[in-house]
Amino acid sequence: MSLLITVAALVVAIYSASTKDRRLDLLFRIGRLDICVFSLGFVAVIYLQFYEVFKLNGLTVASTARYPRLHGITPNDAMDLVILGILAWFAVHMPLARLTRRKIGQFQRLTNELYWTESYTELLSLMERHQKRFFKIYRSDFLLSSLRRYLVPDPFLGVRIHLTLDANTDLVALKGSLRAELLKLGKSILAGSAKVLPKYEREQIISREIVRTILLSPKTVAAIARTRPYFAINLVQELRADRTRYDFVDLYFTALLRDSSSVLYDELENNQNVGQFRYYLNPSNQLLYFFLSDVQRAHDTYLWKPVGDYSISLLDHLARDPGNDTYSLDMGNFSEVEQWHCPLFASIRFFDIMVREALFQGFSWHMGLIHYIPQIVRRFVRNYRLDDPLIQPESEWPNRYSYLIYRAFDAMSDWLLAIEKVDPAQNNVVLRSVGTYIEPDNIPKSAILAMCESLRTVMESETLPENFKSYVADMVFELYFRLRSSSISSSYSKVLKQALVYGGSYQRTKDAIYRRALATAFWRHRNEYSIKNPSEFVDELAEAMEAD
């Protein structure tokens with residue numbers, strides 16, 4: 001009896017001293033089987049404790065050959081064994097307790113408690129431990145509910161069959177699709193029986209609430225990015241391919257960029273190996289490898305949006321508070337050390353890796369470069385100042401903004417030069433026209449339009465030094481002559497020439513200012529280019545200027 005009292009007192013003391021979230025966790029882990037084991041053990045302990053009383057009243061099991069007595073074991077010894085057995089059961093079974101549909105309500109209360117007490121370490125450990133079972137409930141991925149979904153008829157089946165049987169439709173050509181529709185129609189015959197199958201709708205609603213209120217909370221996502229960054233990869237794989245996954249990735253990459261010590265910065269610094277204009281994606285850099293080794297994942301989650309949006313938001317914030325804008329300071333050791341902890345540089349480098357992967361993987365989409373790169377460069381130029389007394393205006397990169405502008409143009413140049421290393425038959429490099437309208441599935445042409453729009457911003461700036469304007473323009477001119485000298489990329493040189501004239505994809509205001517600045521920069525460095533008589537290029541610029 002003393003052991004029973006000691007154990008009971010210990011359990012009560014531990015439970016009383018536990019926090020609310022620990023108590024909820026304990027209740028969450030206790031299942032029906034645990035209750036049965038405890039109940040049977042409790043009855044056995046009471047029986048053994050009062051064994052002599054039951055014996056005197058004839059309530060004990062008779063000692064027969066069928067039920068032999070265990071010599072040497074007293075009722076007190078047996079009671080101690082039962083108590084130890086119960087303790088052993090809970091010690092082994094409770095840590096292995098798994099999430100079930102019946103416990104999803106308790107799981108929600110526990111996650112809410114951990115969330116509101118900001119116990120993110122315990123919350124994420126709990127989510128990671130029950131990840132598979134939780135998302136099974138989230139998708140209602142069970143035999144009976146899956147069978148019900150399969151048997152429930154498509155409510156738009158009749159409409160789609162009517163459209164398929166339009167009078168102008170070629171029935172022979174659509175024989176296969178009609179067969180599939182008729183099979184679905186046959187399946188609907190079983191719909192009556194499907195109604196008795198469970199949907200587990202209540203459990204699914206609760207799990208979706210947990211995702212919406214807990215996993216899509218900026219505070220939780222920030223904790224994931226800081227303490228369990230690779231757990232996010234599992235969540236992206238588990239979340240449905242809808243707005244939920246998109247929102248999570250948006251919050252996640254924003255949190256990564258906001259924290260300059262996050263795993264994103266480490267992986268970008270550790271992923272510098274380039275060969276044949278393509279970065280080597282090391283599987284050890286799990287985040288970059290997951291999203292970019294197959295750029296379809298980056299495309300499905302619009303990965304360029306959180307990266308580009310954060311840079312734009314940061315630059316706008318700095319424009320409102322120029323006194324704290326460190327990017328207007330002199331270079332210092334920025335290009336050697338500080339750039340690897342800079343969100344603006346990280347954004348450019350991330351776009352660089354992502355666009356190159358899309359190009360070499362044959363992916364037909366510009367990956368957001370045409371929308372975000374010109375906007376980012378425009379804000380670099382807008383925020384540009386030379387107030388720092390340590391700045392040397394005649395240096396290659398007077399301040400950090402000038403270095404970031406250079407890195408953006410350098411990345412765009414490499415996206416174009418990489419044309420020579422890919423199959424010219426790839427859909428994403430097949431040029432349909434040398435005109436300056438957008439071809440969103442053509443990466444090199446998108447890069448040209450983004451580059452020339454960015455160059456226009458640089459050349460029209462009233463704050464950038466003239467020598468730096470010429471420096472940037474010279475990068476583009478050199479690229480033009482290099483493309484023109486190659487049989488593979490010569491057609492793109494024609495696109496680049498047209499885009500240079502118009503400053504992007506179409507003609508805008510202040511064309512005369514832009515073109516005169518461009519011509520001035522060209523003549524300043526004309527003797528450095530790879531051809532002796534670049535008259536064709538100059539004539540094109542002159543004709544455009546005279547047209548104004």
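Buried means under 20% relative accessible area, exposed over 50%, and partly exposed in between, with a 1.4 Å probe and protein chains only. This is a predicted model, in which local features need pLDDT of at least 70, side-chain atom pairs count only at pLDDT 80 or more, and totals for chains, interfaces and linings use all residues. Residues are numbered from 1 along each chain as its sequence is written, and side-chain values use heavy atoms, with hydrogens and water left out.

**Exercise 1.** State what percentage of the protein chain is buried, and list its secondary structure.

Solution. Of the 548 residues in the protein chain, 47% are buried. The chain has 28 helices and two strands, taken as DSSP runs (helices H or I, at least four residues; strands E, at least two) numbered from the N terminus.

**Exercise 2.** Describe how α22 packs with α23.

Solution. Helix α22 covers residues 369-383 and helix α23 residues 400-417; their axes are 9 Å apart at an angle of about 155°. Therefore α22 is roughly antiparallel to α23 (angle over 145 degrees). The contact (heavy atoms within 4.5 Å) involves L369, I373, V377, F380, V381 and N383 of α22. From α23 come Y401, L404, I405, A408, F409, M412 and W415.

Technical notes. Axes fitted to C-alpha atoms, helices over the stretch in contact; angles between N-to-C directions. Parallel < 35°, antiparallel > 145°, perpendicular 65-115°, else oblique.
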